[in-house]
Amino acid sequence: MDLSDAGVAALRWAAAQARVTGASLRGIHVLKLPDAFALAGLVGAAVETPVESINAGYRQALTAVWQSVDPDDSWSLEYVVDDPRGVLAEASKQASLIVVGTGSSSGLERLISGSVSHYILNHSHCPVVAVPAG
């Protein structure tokens, strides 16, 4: 879950799917490691991040997006610092479905870190729905 158009569209799709199926929804916002760490291979285990440590304005924007889908009490939103590809691939081991947004990274960002949605489509342990912006 993120603030991109595709991320918001993916959250809305996932929320609607969870309501229809009665499934629990686990939103994961991954605070990406700086590219310098990723390029240097300094990627370790995911670190759960206390919500209070995230910039207040950014946190409010994320909370507003999460609240916009009127989350059920059984749904959760988590914050993790790591490579989004690895976090979501690992989460797919316990999930019945992964929902990702597509096309939200720029050409240079995609060249350096790769497309998260493309990676998940190829490395998920469960079905994946890739939702485009709009």
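Hi everyone. Let me start with a definition: I call a residue buried if its relative accessible area is under 20%, exposed if it is over 50%, and partly exposed in between, using a 1.4 Å probe and protein chains only. Helices (H or I, at least four residues) and strands (E, at least two) are DSSP runs, numbered from the N terminus.

This is a predicted model, so local features need pLDDT of at least 70 and side-chain atom pairs count only at pLDDT 80 or more, while totals for chains, interfaces and linings use all residues. Residues are numbered from 1 along each chain as its sequence is written, and side-chain values use heavy atoms, with hydrogens and water left out.

Let's begin with α3, residues 56-67. Which of its residues are buried? They are L62, V65 and W66. Looking down the axis of α3, these buried residues fall within an arc of 100°, so they line one face of the helix; the arc is that of the directions from the helix axis to the C-beta atoms. Their cover includes α1 (5-21), β1 (26-32) and β3 (76-82), where contact means heavy atoms within 4.5 Å. The expected span is 1.5 Å times one less than the number of residues.

Now α1 itself. With 17 residues, α1 reaches 24 Å from first C-alpha to last, close to the expected 24 Å. Its buried residues include A6, G7, V8 and L11, and what covers the buried residues of α1 includes α3, β4 (98-102) and β5. After α1 comes G22, with a positive phi near 75°.

Next, a helix pair. The axes of α4 (residues 84-91) and α6 (residues 116-123) come within 9 Å and cross at roughly 30°. Axes here are lines fitted to C-alpha atoms, for helices over the stretch in contact, and angles run from 0 to 180 degrees between N-to-C directions. The crossing is right-handed, meaning the near helix is turned clockwise from the far one by less than a right angle. On the α4 side we have P84, R85, L88 and A89, meeting V116, Y119, I120 and H123 of α6.

Last stop: P127, in the loop between α6 and β5 (128-132). Is P127 buried or exposed? Exposed, with a relative accessible area of 52%. Beyond its neighbours within four places in sequence, P127 contacts S96, L97 and I98. S96 lies 31 residues away in sequence, yet the C-alpha atoms of P127 and S96 are 7.0 Å apart. Thanks, everyone!
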